[in-house]
Amino acid sequence: MPIFSQSALTNLRVLDLSRVRAGPTCVRMLADFGADVIRIEPPPGVDPNDGMFADYRKGGDFQNLNRNKRGLTLNLKTSQGIDILHRLVKTSDVVVENWRPDVKARLGMDYETLSALNPRVILASISGFGQDGPYAKRPGFDQIVQGMGGLMSLTGTQETGPLRAGIAVADSSTGLYAAIGILVALLEREHSGKGQWVHTNLLHSQIAMLDFQAARYLVEGDVPEPAGNNHPTAAPMGSYRAADGAFNLGVSGAGQWEALCRVLGRTEWLTDPRFESNRARVFNRTELNAALQPVFETDTVDHWVTLLNDASIPAGPIYSVPQLFEDKQVKHLRVVQKATTVDGDAVPMIAQPVTLARTPAQIVSAAPELGEHTDAILSELGFSPNAIAALRSANVV
């Protein structure tokens with residue numbers, strides 16, 4: 001039976017054929033809001049690359065990505081495996097995959113085939129570079145796309161050269177864009193009664209995440225360059241050293257600039273022509289930072305963060321990962337919640353960052369063991385215990 005009894009997406013069934021990060025990120029959102037997600041993986045020994053990202057199933061990354069899902073093993077290299085998958089499609093609302101574009105047709109999992117089986121089904125395809133075009137068959141990994149999508153050219157400083165972001169920006173954003181596309185398609189289906197093909201890719205998603213940096217170039221012709229911790233279009237906005245560590249300061253607009261000068265006791269800066277406007281402060285950022293830095297070195301991070309926030313000036317500490325989880329607001333938001341594995345181990349996970357007042361996301365179960373729910377799911381399809389045993393002995397499941 002599905003994991004959830006009642007939640008926002010309880011009536012949806014999702015087949016998760018995805019691997020690595022972008023696809024599981026997409027499906028995790030649907031699972032957390034109550035969809036009956038069936039994670040389909042090959043039986044042991046079928047896919048030589050399968051263990052590359054799932055060797056350590058009890059590890060935090062795999063658990064966090066694949067919670068709230070049921071597990072089914074299925075050998076899609078067999079006709080019986082494909083037949084079982086097609087039977088599942090007939091009772092499903094969404095299929096999510098991130099195969100190379102040509103693999104879908106070979107397996108009979110292209111949208112035309114699936115919609116013939118179930119006209120209401122939504123196929124969500126995630127790829128590195130798109131479903132067609134000169135790069136369609138290229139493998140797409142996050143760091144490759146961070147480079148091709150412009151992010152690495154903006155990260156770091158002039159001295160460091162291009163740097164990757166410390167998180168999988170392309171993967172994670174693509175997963176979220178795919179989830180939004182699925183939800184839009186489900187809403188449209190309420191009117192048309194028909195499913196459709198939803199597809200997104202890492203390259204387009206990464207470029208979209210450039211946001212104002214890409215818009216600056218397209219509209220104004222400004223070529224963004226790496227600015228380190230400084231904001232490219234506002235000042236003072238960046239990181240500064242206090243007596244016991246570093247903190248971030250964000251000043252945007254004349255009101256906050258005036259408040260900062262008054263809080264620091266530097267009202268003479270208000271009439272300094274180098275700092276009279278945001279444009280001037282950005283142009284003279286080096287001089288401005290050189291004036292601010294000695295002031296901030298006189299006291300602690302906590303002192304400055306408290307003083308500045310009390311004056312409605314955005315500021316915050318720069319935490320390590322362990323420090324962020326000790327922050328009182330992070331604890332108040334219940335960012336970390338726990339799920340229990342089949343072995344009884346409690347695994348801490350990051351909760352969904354969007355809250356629905358009546359039907360919130362929930363973390364109900366840890367990631368499934370490989371094929372943990374195979375017998376139950378096949379039974380739901382009408383297979384007898386003897387038939388399931390025969391499929392298992394033939395390495396179909």
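Which residues in H8 meet which residues in H9? Val169, Ala170, Asp171, Ser173, Thr174 and Tyr177 in H8 meet Leu202, Ser205, Gln206, Ala208 and Met209 in H9, where contact means heavy atoms within 4.5 Å. This is a predicted model, in which local features need pLDDT of at least 70, side-chain atom pairs count only at pLDDT 80 or more, and totals for chains, interfaces and linings use all residues. Residues are numbered from 1 along each chain as its sequence is written, and side-chain values use heavy atoms, with hydrogens and water left out. Helices (H or I, at least four residues) and strands (E, at least two) are DSSP runs, numbered from the N terminus.

**The parallel sheet**

- Six strands form an open sheet with parallel pairing, in the order S3-S2-S1-S4-S5-S6; two strands pair if DSSP finds at least two bridges between them.
- Strand S3 (69-73) and strand S6 (197-201) stand at the edges with a single partner strand each, so one side of each has no neighbour in the sheet.
- From one strand to the next, the twist averages 20 degrees.
- Strand S2 (residues 36-41) pairs with S3 in the parallel sense over five bridges, and Arg39 stands opposite Gly71 in S3.

**Helices H8 and H9**

- Helix H8 (residues 169-192) lies across strand S4 (94-97), strand S5 (122-127) and S6, and runs at about 165 degrees to S6; axes are lines fitted to C-alpha atoms, for helices over the stretch in contact, and angles run from 0 to 180 degrees between N-to-C directions.
- Helix H9 (residues 202-210) also packs on the sheet, where H9 touches S5 and S6 and its direction makes about 65 degrees with that of S6.
- The axes of H8 and H9 are 8 Å apart, and the two helices pack at an angle of about 95 degrees.
- H8 and H9 are therefore roughly perpendicular to each other, a class that covers 65 to 115 degrees, whereas angles under 35 degrees count as roughly parallel, over 145 as roughly antiparallel and the rest as oblique.

**The antiparallel sheet**

- Three strands form an open sheet with antiparallel pairing, in the order S7-S8-S9.
- Its edge strands are strand S7 (237-242) and strand S9 (315-317), each of which pairs on one side only.
- S7 and strand S8 (residues 245-250) run antiparallel and are joined by six bridges; Ala242 stands opposite Gly245 in S8.
- Helix H13 (residues 285-296) packs on this sheet, touching S7 and S8, with its direction at about 35 degrees to that of S7.
- Helix H14 (residues 301-310) packs on the sheet as well, touching S7, S8 and S9, with its direction at about 15 degrees to that of S8.

**The S10–S11 hairpin**

- Strand S10 (residues 336-340) and S11 pair in the antiparallel sense over five bridges, and Ala346 in S11 is the bridge partner of Thr340.
- The hairpin has five residues between the strands, and Gly344 takes a positive phi near 90 degrees.
- Strand S11 (residues 346-350) has a covered face, Val347 and Met349, and an uncovered one, Ala346, Pro348 and Ile350.

**Cysteines and Gly382**

- A search of the whole structure finds zero disulfides, a disulfide being a pair of cysteine sulfur atoms within 2.5 Å.
- Cys26 counts as buried at 0% relative accessibility, and Cys261 counts as buried at 0%; buried means under 20% relative accessible area, exposed over 50%, and partly exposed in between (1.4 Å probe, protein chains only).
- Gly382, in the loop between helix H17 (374-380) and helix H18 (385-393), counts as exposed at 60% relative accessibility.
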